[in-house]
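Please walk through this structure with the text below, which goes from the whole protein to its parts.

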Amino acid sequence: MIRRTVRRSTYNSCSASAVFRRLVPAISISFPASLTFSTTGAWTLKDSTKIKSGSNKNDAGNRRLQKKDKHRYALRIGYRTPALNDLALAKRFFEKSQIYHAGSASLHDAAFDTIIPQVAFAGRTNAGKSSLLKALMPEMKIIKPSKKPGFTRKIYFYGVGSKPGRELIMSDLPGYGYGSTTEQGDAILEYLRTAANLKMVYILMDSRVLEMPSDRQVIALLDTYGIPWQIIGTKFDRARSTNPEHVLDMLMRFSKASRKGAMGASEQYYKDEIIVTSDKTMVGINELKWSIMRHCGLVSE
Ligand SMILES: Nc1nc2c(ncn2[C@@H]2O[C@H](COP(=O)(O)OP(=O)(O)OP(=O)(O)O)[C@@H](O)[C@H]2O)c(=O)[nH]1
Ligand SMILES: [Mg+2]
């Protein structure tokens with residue numbers, strides 16, 4: 001069970017909103033008032049879906065994994081590279097765990113505490129956030145990708161795992177930039193600043209377009225608030241280069257340049273990870289599963 005208590009944000013929404021709007025004029029975030037929680041303080045769980053176990057086909061699964069993941073779709077600095085067994089473990093965790101829609105955050109109730117570690121999926125509208133979450137949890141029918149920019153208008157929370165200490169939460173945020181609203185931007189920022197146990201914000205970037213000024217501005221804002229972030233390339237099946245190394249290199253260069261200002265003297269402890277993904281070919285999905293589990297402390301670094 002996910003325990004959850006709602007707390008009102010204590011930050012000064014006027015000044016933070018103003019900063020957010022100044023840095024990212026087109027970003028907006030809105031959360032229609034539909035966050036559902038029970039009065040007992042527990043999440044109201046919806047669409048609870050027990051994922052079918054993969055039975056005893058692990059060997060065949062591992063062989064398929066080996067074949068599919070013969071290319072590396074991730075580039076890491078300071079993190080260990082997962083072995084094929086690690087990727088298989090991450091794949092199994094997502095397949096065998098209970099997966100559920102844990103709630104949707106309204107504009108005014110986006111801030112929350114949970115004892116469960118969580119990661120957030122952020123990025124420009126149309127970057128592929130909802131699609132990537134769907135690729136991680138194909139059984140989650142509530143996840144609706146759309147070619148219309150700005151389609152996701154609330155924060156959606158999804159839980160994975162059923163045992164205490166072996167569970168995590170992922171949030172699908174409305175996009176920033178074209179098609180978003182100021183209200184959405186404010187609410188996303190409030191959520192990111194106040195969410196308890198937020199371990200990582202994945203900034204999704206379309207592999208065809210790579211970075212845009214709004215990505216830089218959002219990253220600068222996250223740095224200002226000390227919120228950890230890392231970049232994920234999406235839609236790799238449509239990338240100009242068919243070589244994942246090229247896309248990884250370009251994204252890593254952007255990531256390094258973005259971190260430069262914030263790192264300062266702590267450069268010696270610099271850690272980074274870039275993963276390229278596609279919901280069509282499913283490349284990078286197991287790498288991402290591993291990354292999520294690692295950030296949530298479910299597997300060792
Ligand atoms: N070819 C390809 N298309 C993708 C991929 N991921 C997403 N798309 C397409 O990109 C479009 C946008 O996807 P979404 O997942 O809805 O994007 P989003 O970031 O959630 O967008 P907002 O909710 O508007 O912020 C859809 O038409 C998807 O089918 C991918 O890996 N490959
Ligand atoms: Mg979406």
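Two residues are in contact if their C-beta atoms, placed from the backbone, lie within 7 Å. Among contacts in the protein between residues at least 6 apart in sequence, 81% join residues at least 24 apart. This is a predicted model, in which local features need pLDDT of at least 70 and side-chain atom pairs count only at pLDDT 80 or more, while totals for chains, interfaces and linings use all residues. Residues are numbered from 1 along each chain as its sequence is written, and chains are lettered from A and ligands numbered from 1 in the order in which they are written.

The protein has eight helices and 11 strands; helices (H or I, at least four residues) and strands (E, at least two) are DSSP runs, numbered from the N terminus. Of its 301 residues, 46% are buried. A residue is buried if 20 or more other C-beta atoms lie within 10 Å of its own, exposed if 12 or fewer, and partly exposed in between, with C-beta atoms placed from the backbone.

In soluble globular proteins, nonpolar side chains tend to be buried together. The largest nonpolar core here has 70 residues, and Tyr158, Tyr202 and Ile203 have the most contacts inside it. Strand S9 gives the most to this core, with seven residues. A nonpolar core is a set of buried Ala, Val, Leu, Ile, Met, Phe, Trp, Tyr and Cys residues joined through C-beta atoms within 7 Å. Leaving aside residues up to four places away in sequence, Tyr202 touches Val119, Ala120, Phe121, Ala122, Gln230 and Ile232.

Two strands pair if DSSP finds at least two bridges between them. Strand S7 (residues 155–163) and strand S8 (residues 166–172) are antiparallel and share six bridges. Phe157 stands opposite Ser171 in S8, and Tyr158 stands opposite Met170. The hairpin of S7 and S8 has two residues between the strands, and Gly165 takes a positive phi near 85° in it. S8 also runs parallel to S6, to which four bridges join it; here Met170 is the bridge partner of Val119. Both S7 and S8 are mostly covered: seven of the nine residues of S7 are buried, as are six of the seven in S8.

Most residues other than glycine have a negative phi, and most peptide bonds are trans. Asn126 has a positive phi of about 75° although it is not a glycine. Is Asn126 buried or exposed? Asn126 counts as buried because it has 24 C-beta neighbours inside 10 Å.

H4 is largely enclosed by the rest of the structure, because seven of its eight residues are buried. These are Lys129, Ser130, Ser131, Leu132, Leu133, Ala135 and Leu136. Helix H4 (residues 129–136) also gives the most to the shell around ligand 1, with three residues. Of the 24 residues around this ligand, Gly128, Ser131, Lys147, Thr152 and Gly175 come nearest; a residue is near a molecule or strand if its C-beta atom, placed from the backbone, lies within 6 Å of it. The shell divides into five nonpolar, 12 polar and seven charged residues. Ala, Val, Leu, Ile, Met, Phe, Trp, Tyr, Cys and Pro count as nonpolar, Asp, Glu, Lys and Arg as charged, and the others, Gly among them, as polar.

Helix H3 (residues 84–96) has 13 residues and reaches 18 Å from its first C-alpha to its last, close to the 18 Å expected at 1.5 Å a residue. The expected span of a helix is 1.5 Å times one less than its number of residues. Leu87, Ala88, Ala90, Lys91, Phe93 and Phe94 are buried in H3. H5 likewise has 13 residues and reaches 18 Å. H5 is mostly covered, with 10 of its 13 residues buried, including Asp186, Glu190 and Arg193.

Asn197 lies in the loop between helix H5 (182–194) and strand S9 (198–206). Its phi is near 60°, a positive value in a residue other than glycine. Asn197 is partly exposed, because 16 other C-beta atoms lie within 10 Å.
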